[in-house]
Amino acid sequence: MADITVTEHLLLHQKRTPQATGQFTGLLYDLILSGKSIARRINKAGLLDILGGTGEVNVQGEDVQKMDTIANRIMIYRMERCGALCAMSSEEEADLIRVGPEFPRGDYILIFDPLDGSSNIDINVDVGTIFSILRRPAGEKGEVRIEDVLQPGYQQVGAGYILYGPSTMLVLSTGQGVHGFTLDPGVGEFLLSHPDMKIPEQGYIFSVNEGYSRYWDDAAKEAVNWFHTTESFDGKPYSARYVGALVADFHRTLLRGGIYMYPAEKRKPEGKLRLMCEANPLAFLAEQAGGKASDGKTRILDKLPNKLHARTPLFIGSKKDVEAVERIYAKYEKA
Ligand code: P6P
């Protein structure tokens, strides 16, 4: 396959769409530059004394790892200068970040988790940056209002992630399929490696942290148990995999099929995962790749966030596997 860069792919293979103005391509360029910068630091994490926690706790109530802080600062610094944004929201920041008049601004809003699964850094396991791109409502000018940002996921104009693993990959959709690019460190470019990614209609892997099953309601217990007792398409049992980084568990699901589950818990009735910076971007990708994403009852992309850091239960992956869960939840809804 000839070396096709992200920019070339977008310009040549994405039919001209409203966001194909220079602004959107510029946004992606700086997002990619941020990813390369974070990748460079992560690959040296053990050497640059950036392992471990900072002793702080973030807005999510989670211990902040040093790389979280570095990745967050890189994203904010780079993206407030990209000229395409009017506002940003980071999983690491309690409040909306409005791009100030000292920077060139545009009509896009970027929602991101700078380093998902960061507790894996110290054990040298995959982590990733997840991003979601919204447009400011037409006609809105002046200071960005929070209600301009709290949009349902179907309003996304782009979404993706950068996975820092054995290789660094960018997986991206702008609404015309899902495309994977692998970083060639030799040239410092992400090159098209996985064109038009599709999730298999049914998989053979389920991914959930069963250590918390005591906190699940009956619907969640029955949904997970379905994958303990059902054979997959090849007549074999489902296999269990759980990396502990959503971005890595999702990437495997995108490639191999199956389902990732994070049910609500009695102690976390809204679930753990963030709707806007985790569930929505991955749900956008899942649907673009022929899969599904649900909270058990509602399509993730239809959920209206009531606050920046709204949380949601998440069942995401192969269409047939997510539908099996939805049938179980529907049964309990009727009961
Ligand atoms: P648990 C990481 O903190 C994260 O947000 C996801 O990346 C990951 O899938 C999940 O939480 C892991 O949560 O409760 O199983 O440790």
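This is a predicted model: local features need pLDDT of at least 70, side-chain atom pairs count only at pLDDT 80 or more; totals for chains, interfaces and linings use all residues.

Residues are numbered from 1 along each chain as its sequence is written, and side-chain values use heavy atoms, with hydrogens and water left out.

**Exercise 1.** Work out the strand order of the open sheet and find its edges.

*Solution.* Step one: strands are DSSP runs of E of at least two residues, and helices are runs of H or I of at least four, numbered from the N terminus. Two strands pair if DSSP finds at least two bridges between them.

Step two: the 8 strands line up as S4-S3-S5-S6-S7-S8-S9-S10, with mixed pairing.

Step three: S4 (97-98) and S10 (189-194) each have a single partner strand, so one side of each is left without a neighbour in the sheet.

Step four: look inside the sheet, where S7 (158-164) and S8 (168-173) run antiparallel, joined by 6 bridges. Ile162 has Leu170 of S8 as its bridge partner.

**Exercise 2.** Which residues make the contact between H5 and H8?

*Solution.* Step one: find H5 (218-229) and H8 (319-334), whose axes come within 9 Å and cross at roughly 145°. Axes are lines fitted to C-alpha atoms over the stretch in contact, with angles from 0 to 180 degrees between N-to-C directions.

Step two: contact means heavy atoms within 4.5 Å. H5 gives Asp218, Ala219, Ala220, Glu222, Ala223, Trp226 and Phe227, while H8 gives residues including Asp321, Arg327, Ile328 and Tyr332.
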